[in-house]
Amino acid sequence: MKGVVNVYTTGQLAQKCNVSIRTIQYYDRRGLLHAKRTENGLRHYNDQDLKQLQEILIYKQLGFNLKDIQQIINDTDNNTLKSLIVNQRRKIKQEIKDASEQLASLSQLETFLNKHSDFPGNISGGL
């Protein structure tokens, strides 16, 4: 005996994954989800669609854009995902480096302000 196949409306799927109905509809239009349409045009989703949406949301949380996610979903051997992971790590490391440099500059500015009562107005020349 086969397992029960659950059917979800757009609203039910959105609620299960804590996203908006418009998000589900957008992903459907982009081809990331594949709704089955009823005779009156309503979208219905199944457990596989629920799983796919959960994967999409995980990839989004990891910083992948929808174009990347589409490639990941269509990839059968995970080579795309492996390559995108390398690129995403590189991007995040650069963002961390940039943020660290900003923190250092803020510390320098704070130190300057604590030592001098007047702000020079132009800090582009360095602190």
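Colleague: Is Tyr26 buried, partly exposed or exposed?

Modeller: Burial is read from relative accessible area, and the middle class runs between 20% and 50%. This is a predicted model. In it, Tyr26 has a relative accessible area of 34%, so Tyr26 is partly exposed.

Colleague: And which class does Tyr27 fall in?

Modeller: Buried means under 20%. Tyr27 has a relative accessible area of 6%, so Tyr27 is buried.

Colleague: How many aromatic pairs does the protein have?

Modeller: Ring centres must lie within 6.5 Å to pair. By that rule there are two aromatic pairs. Tyr26 and Tyr27 put their ring centres 6.4 Å apart, with 50° between the planes, so this pair is tilted. Tyr59 and Phe64 form an edge-to-face pair, with 6.1 Å from centre to centre and 75° between the planes.

Colleague: Why is one called tilted and the other edge-to-face?

Modeller: Planes over 60 degrees apart count as edge-to-face, under 30 as stacked, and the rest as tilted. The 50° of Tyr26 and Tyr27 therefore reads as tilted. The 75° of Tyr59 and Phe64 reads as edge-to-face.

Colleague: Are Tyr59 and Phe64 buried or exposed?

Modeller: Tyr59 is buried at 14% relative accessible area. Phe64 is buried too, at 4%.

Colleague: What share of the residues is buried?

Modeller: The protein has 127 residues, and 24% of them are buried. The accessible surface is about 9500 Å², and carbon and sulfur atoms account for 51% of that surface.

Colleague: Next, helix H2. Which of its residues are buried?

Modeller: Ile24, Tyr27 and Asp28 are the buried residues of H2. Viewed down the helix axis, they fall within an arc of 105°, so they line one face of H2.

Colleague: Which exposed residues are carried on the face turned away from the buried side of H2?

Modeller: That face carries Arg22 and Arg29, both exposed.

Colleague: What covers the buried residues of H2?

Modeller: The cover includes H1, strand E2 (36–37), strand E3 (43–46), helix H3 (47–61) and H4. After H2 comes Gly31, with a positive phi near 85°.

Colleague: How do H1 and H2 pack?

Modeller: Two packed helices are described by the angle between their axes and the distance between the axes. For H1 and H2, the angle is about 110° and the axes are 8 Å apart. Angles of 65 to 115 degrees count as roughly perpendicular, and H1 and H2 are therefore roughly perpendicular to each other. H1 makes the contact with Thr10, Gly11, Leu13 and Ala14, while H2 uses Ile21, Ile24 and Gln25.

Colleague: Where do Asn18 and Asn78 lie?

Modeller: Asn18 is in the loop between helix H1 (10–17) and helix H2 (21–30). Its relative accessibility is 73%, so Asn18 counts as exposed. Asn78 is in the loop between helix H4 (66–74) and helix H5 (79–115). With a relative accessible area of 41%, Asn78 is partly exposed.

Colleague: Which residues does Asp49 touch?

Modeller: Leave out residues up to four places away in sequence. Then Asp49 touches Leu33, His34 and Lys36.

Colleague: Last one, Gly63. Where is Gly63 found?

Modeller: Gly63 is in the loop between H3 and H4. Its relative accessibility of 35% makes Gly63 partly exposed.

Colleague: And which residues does Gly63 touch?

Modeller: Not counting residues up to four places away in sequence, Gly63 touches Gln88 and Lys91. Gly63 and Gln88 are 25 residues apart along the chain, and their C-alpha atoms are separated by 7.4 Å.

Note on methods. Residues numbered from 1 in each chain as written. Predicted model: local features only at pLDDT ≥ 70, side-chain atom pairs only at ≥ 80, totals over all residues. Heavy atoms only, no water. Phe/Tyr/Trp six-rings, centres within 6.5 Å; stacked < 30°, edge-to-face > 60°. Buried < 20%, exposed > 50% of the residue type's maximum accessible area, 1.4 Å probe, protein only. Areas by Shrake-Rupley, 256 points an atom, 1.4 Å probe, with all protein chains shown as cover. Helix = DSSP H or I, 4+ residues; strand = E, 2+ residues; numbered from the N terminus. Arc of directions from axis to C-beta. Contact = heavy atoms within 4.5 Å. Axes fitted to C-alpha atoms, helices over the stretch in contact; angles between N-to-C directions. Parallel < 35°, antiparallel > 145°, perpendicular 65-115°, else oblique.
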